[in-house]
Amino acid sequence: MKNHAIITVHTEAAAEHTINPFIFGHFVEDIRDHMDAMLAFVLKDMDFEEEAEANGVSAGWYPVTDGKNTQYALEPAAPKHSGHSQKIRIFSADQCRGGIAQRVSVKGGMKYRVQLVARAAIELHTLAIELADPQTGELLGDGEVAMRSHNWLTYTVDITPSKSAEQAEFRLMISSEGASWQDSIGTGMLWIDHVSMLPEDSVGIVKREVVEMTRELKPGMMRLAGNYISAYHFEHAIGPVLERPNMVNEAWGGFTNKYFGTDEFIQFCRDTDTEPLICVNAGSGTPEEAAAWLEYCNGGADTAYGALRAQNGHAEPYGVKYWEIGNEIYGSWQHGHCTAEEFGHRYNRFAAEMKKVDPDIMLLACGDTNQEWNRTLLGIAAEHIDMLTIHIYHGGGTVGINPGTPKEIRYHAITAFPEVTRAIVGQTAELISGNPEYSHVKLAITEYNTMYYANTIRKGLPAEHTLEAAVANAANFNEHIRQSDLVEIGSFSDLVNGWLGGCIRVGDSYADQYRGKKPGWSGRSQAVYGTPTYHVMKLYANRPLAHVAPVKTECGTYSWEKGSPAFGLTPVELPVLDVTACLDETKRILTVFAVNRGLEHVEAEFQTGSFQMAGEAAVWEVTGDDYEDINSVFEPERITAQEKRVPWGGDASCLTLRPHSVYVIELKR
């Protein structure tokens, strides 16, 4: 039986409940480089929010001048603006050029729209915008702005680079060459309050590739949340973008991205055909603030915040149905951390205020994998809870692996991900089913992924990008499907970069490792690609799933040496195959998801009983030679889903399943 398996699908016993497509949802958070990677802005430090270096230039920029006396300083921003303005002063006596610059990556032939908010002393008539190769001095593109006022004005100019460049120098330059003015008074000065640069192919402010790849994921739902949300105030990121304040990201450092606020999030959801899920600030926020956010999204133009939304250019209500109260409030790392009892009463206050605004919303409460937290919370607030949330990150905390864990032991621990999920969901289900007053409560796994230490062989590369992680996540998707009578929402963490688990990767910045890495350090900072898990998730979410069909799997086993003491799971032998199956709504399409968690080939016989077909089956395979294989900027499609057609005879057929691989088989009758 070791290398042979019999997989029996009982289609005649398919479950009555319908699988919610939201179980393949995704998650955006302002964490580390998530927003920088997701958004299409080319420039950083666009509002000169960073403090000045000793040279007087905001830290995201550097001075460029051939003068002897050029001066730089940060000064107050334009009216209603945040951050600083950058002052540059050149002198007539120097007969020089002076300005500021930063390194950018640009595509040849792409038009970029540069927007500036600036003012200048009356002697300065033009501002030059240049893209140059700093090594050769070659000018790749330029534009000129006619400075029209000593007061603040907004200017735009389009620049199209003649060729692609990974480390082009973007310069804003003024000149005193050929000019004459008195240097003893306030002359030769330029103030810049904002400068941004967007490629014309961006979708709004989001990278086109990110939007297209997200659509292909067919995620169903998109969650806006994370640790930063517990210190986030939505009113800081609505209205005219340049008038939004610069706010410190109190969870992750740096600044919260003011350009991607509520309206931009909703637009991103619409651009990607996803249902929005918003987590409100239940840390430093108040019930009244949460209700105001809800009214901003769903209120009519005759309400205070609905009118504000309309004033901001969005006349029709957004109709956001799903709202989450609290993100990991049980954790000491979270703003507003409290006990379960305190949160239960806090949740009720939030729910009451929000339901006054829109009684038809679905409310999610911050649950935990710790059932004592859930028991207390449900005891206080169950009648106001539609869904209980849990976060499951599988790795060191759940199975006790570390950088010194031998490779194969680590692999078997990681691919046991669904066993841990099953235990957590099972314990939560037992709690819910134990009280009739909780029977209406469903589960939302609003964050999950593998989380384990970087590989010690491929130093500097993150383990979360591996085929190993994809195998673990695929088996976990199977568990979500099997538990779909209770689990209605999943949010894979994260969508883009962010931390090591982001399934869409932009460039080669690896979360914590990105600190100190300059954009383009590989020469491929604009590469956008999917991890192996991305391709698995895309494969799963694009199948026509409606009803779960029971599966009996007879196969060999492997040793799970670690177990999971945290959830009462002792070391045990686990089946090498993790298999689930679904019928579509018409019950004429059967999809079988088979994950070979083992390290050897398996000859699998599939028996489908009453679901008979003859001809060819569609089979998708995600595999590789080594379970530590990754996709990267150098090999972005090393691991993808490969489709093939295979003969399928009657109610039984055979398929060879490669080790550490994922298979999706689609049968039609």
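**Close-up 1. L655 sits in strand β33, which spans residues 652-657.** In this predicted model, local features need pLDDT of at least 70 and side-chain atom pairs count only at pLDDT 80 or more, while totals for chains, interfaces and linings use all residues. Residues are numbered from 1 along each chain as its sequence is written, and side-chain values use heavy atoms, with hydrogens and water left out. Strands (E, at least two residues) and helices (H or I, at least four) are DSSP runs, numbered from the N terminus. With a relative accessibility of 7%, L655 counts as buried; that word means under 20% relative accessible area, with exposed over 50% and partly exposed in between (1.4 Å probe, protein chains only). Look for V619 too: 36 residues separate L655 from V619 in sequence, and their C-alpha atoms are 9.6 Å apart.

Close-up 2. C503 is 289 residues from T214 in sequence, yet the C-alpha to C-alpha distance between them is 9.9 Å. K218 is not a glycine, but its phi is positive, near 50°.

**Close-up 3. R32 marks the loop that runs between β2 (25-28) and α1 (34-38).** Here is another non-glycine residue with a positive phi, near 50° for R32. The relative accessible area of R32 is 23%, so this residue is partly exposed.

**Close-up 4. The largest cavity has a volume of about 130 Å³.** A cavity is a set of points on a 1 Å grid, over the protein atoms alone, where a 1.4 Å probe fits but cannot get out, and its lining residues have an atom within 4 Å of a point. Points are joined across faces, edges and corners, and the volume is the space filled by probe spheres set on them. Fifteen is the place to start: 15 residues line the largest cavity, and those closest to its centre are Y232, H233, H236, M247 and T256. By class, 8 lining residues are nonpolar, 5 are polar and 2 are charged (nonpolar: Ala, Val, Leu, Ile, Met, Phe, Trp, Tyr, Cys and Pro; charged: Asp, Glu, Lys and Arg; polar: the others, Gly among them). The model holds 3 cavities of 30 Å³ or more.

**Close-up 5. Helix α3 covers residues 262-271 and is largely enclosed by the rest of the structure, because 8 of its 10 residues are buried.** The buried set consists of T262, D263, E264, F265, I266, F268, C269 and D271. Just past the end of α3, D273 adopts a positive phi of about 60°.

**Close-up 6. Helices α4 (residues 287-298) and α5 pack with their axes 7 Å apart, at an angle of about 50°.** Axes are lines fitted to C-alpha atoms, for helices over the stretch in contact, and angles run from 0 to 180 degrees between N-to-C directions. The two helices, α4 and α5, are therefore oblique to each other; angles under 35 degrees count as roughly parallel, over 145 as roughly antiparallel, 65 to 115 as roughly perpendicular and the rest as oblique. The α4 and α5 crossing is right-handed, which means that the near helix is turned clockwise from the far one by less than a right angle, anticlockwise being left-handed. Within helix α5 (residues 304-311), find L308, which is partly exposed at 24% relative accessibility. L308 and R103 are 205 residues apart in sequence, and 38 Å lies between their C-alpha atoms.

**Close-up 7. Helices α7 (residues 371-381) and α10 (residues 417-433) cross at roughly 30°, their axes coming within 10 Å.** That angle makes α7 roughly parallel to α10, and the α7 and α10 crossing is right-handed. Continue into the loop between α10 and β20 (442-451) for Y438, a buried residue at 10% relative accessibility. Y438 and E383 lie 55 residues apart along the sequence and 7.5 Å apart in space, C-alpha to C-alpha.

**Close-up 8. A cis peptide bond links S493 to D494.** Omega for this S493 to D494 bond is near 0°. D494 itself is placed in the loop between β21 (487-492) and β22 (504-506).

**Close-up 9. Helix α12 (residues 532-541) is mostly covered, with 9 of its 10 residues buried.** Those buried residues of α12 are P532, T533, Y534, H535, V536, M537, L539, Y540 and A541.

Definitions and conventions. On a 1 Å grid over the protein atoms alone, a cavity is a set of points where a 1.4 Å probe fits but cannot get out, and a pocket is an open set with protein on both sides within 12 Å along at least five of seven lines; lining residues have an atom within 4 Å of a point.
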